[in-house]
Amino acid sequence: MNVAAGPVIPNFGQGSSCEVNNGWFCPEWVTGHWHDTLEPALVQHVELTAIAVGIGFALAFALALVGFRFRLLDPPIGVFSDFLYTIPSLALFQILIPVTGISVTTVEIALVSYTLLVLYRNTIEGLRAVPEEMVDVARGSGFTRMQTFLRVELPLALPAILAGLRIATVSTISIATVAAFVVAKGLGSPIFVALEQDVFKTEILVAGGMAVALALVADGLLVLLQRALTPWSRA
Amino acid sequence: MNTFVDSFRFMGDHGHLLLVKSWQTAELSGAALGISLLLALPLGLWLGHRHRGLFLAASVSNVGRALPSLVLIAFGLTLFGIGFWNNTVALVVLAIPPVLTNAYFAMEAVDRDAVDAARGMGMTELQVLVRVELPLGLPLVFAGIRIAAIFVIATATIAAIAGGGGLGDIIVNRATYGDAGVFAASLCVSALAFASALLLALIRKGVSPRHGSLL
């Protein structure tokens, strides 16, 4: 049987009339391709993001401790993370390819480098905003330097650090869609496929909508985490 | 490191092509940034001045960050088809949140005493905004414009997949331009992003030399 009218979508060609005519939203495509396309893409997207934010957070936190203790090192670290942040994502992926190849490593390096600026800045600003008197009181009541940091400075800086984590997570989810240009992983992957196939609308709308929803859900979860960890501040 | 050397050879051999494509990217980015400034800057400044619309400013910023650039480009193509509007609208939508939110919070954060003093001197609301709040909040306002500019240039590159032209055309077309061409174009688009950040810093310094070190 041949359907003559409308653009025939490769790989989806034998589908319903909605699919073959590239309708705005074909629920049967979504249910039919949830397990082979959408669900794996979603899981990969979460993985890409979690790894990038995890490594980025560890790196930025370590750098912020260095910049906090040795003030001289703060400007160069800040300028370097700002420099990385300014490079357009698609360009950074391509610049890394000759070094790390067409691989998940390339994608993760780029994603991590975009998280550094906000995580570093927020952590160091949060630590700096701790009132000097608080630190003095803690030291005066016999806290060691480490105890002062862990029990006074870090908890007080936590709201700023978590605010940075929210921004970094949401931005990473967003930039990770572009990663599909390098490796066919994440929610960007079905979008690229759909763009190549005569702009198959359903796939673009659903995968795009899932990326937006994922970002909003992640943001909401981090707000809950923020409330749980810092019950004294309502921001 | 062969690609690296080859890319500089590519720049020498195809300097004109890179220049034309860079100009296209700059044109698309500039137009989108200009439109978003016209829309978001007055609104953000005014709302911040009136201390109203906190919810709007905060939600625009949260939702804006959650909109992936690729998704916006793809949505634009779905809605408008290939033409002038698909990518321009996507880029404008992307650029509005940082501009609006930063303008809002810049005005909102200005010391109330300074504003009261200005009112006491008989300044009109517009004068208070332009002569007192704007100069004081300028670093934050420019930080927002800068983020928007970087977002827009990055996304204008991706827009090549939706007929946007520019340097992205080379970057997404490895088959034609080879590794060296893709690498060279990536360096060009990065240079463009740095140039725009630098330009904005210079404009900020020019507009308000005394507040150059506030941020």
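Modeller: Helices (H or I, at least four residues) and strands (E, at least two) are here DSSP runs, numbered from the N terminus. Read in that way along the sequence, chain B follows the pattern α-α-α-α-α-α-α-α-α, with nine helices and zero strands, and chain A likewise has nine helices and zero strands. This is a predicted model, in which local features need pLDDT of at least 70 and side-chain atom pairs count only at pLDDT 80 or more, while totals for chains, interfaces and linings use all residues. Residues are numbered from 1 along each chain as its sequence is written, and chains are lettered from A and ligands numbered from 1 in the order in which they are written.

Turning to the meeting of the chains, 28 residues of chain A are in contact with 31 residues of chain B, where two residues are in contact if their C-beta atoms, placed from the backbone, lie within 7 Å. On the side of chain A that touches chain B, the elements that give two or more residues are α4 (89-100), α7 (145-176), α8 and α9 (201-229) of chain A, and α9(A) gives the most, with nine residues. By class, this side of chain A divides into 18 nonpolar, eight polar and two charged residues (Ala, Val, Leu, Ile, Met, Phe, Trp, Tyr, Cys and Pro count as nonpolar, Asp, Glu, Lys and Arg as charged, and the others, Gly among them, as polar).

One helix pair across this boundary can be followed in detail. Helix α8 (residues 188-196) of chain A and helix α4 (residues 69-80) of chain B pack at an angle of about 25°, with their axes 11 Å apart; axes are lines fitted to C-alpha atoms, for helices over the stretch in contact, and angles run from 0 to 180 degrees between N-to-C directions. The two helices, α8(A) and α4(B), are therefore roughly parallel to each other (angles under 35 degrees count as roughly parallel, over 145 as roughly antiparallel, 65 to 115 as roughly perpendicular and the rest as oblique). The crossing in which α8(A) passes α4(B) is left-handed, a word used if the near helix is turned anticlockwise from the far one by less than a right angle, with right-handed used if clockwise. From α8(A), the residues A:G188, A:I191 and A:L195 meet B:L70, B:V71 and B:A74 of α4(B), and the residues of this contact divide into five nonpolar, one polar and no charged.

Within chain B, another pair may be set beside it. The axes of helix α7 (residues 125-158) and helix α9 (residues 174-207) of chain B come within 10 Å and cross at roughly 160°, and that makes α7(B) roughly antiparallel to α9(B). Here α7(B) passes α9(B) in a right-handed crossing, and the contact has 12 nonpolar, two polar and two charged residues.

Along the principal axes, the C-alpha atoms of chain A fill a box of roughly 85 × 40 × 20 Å, and the C-alpha trace of chain B spans about 65 × 40 × 25 Å.
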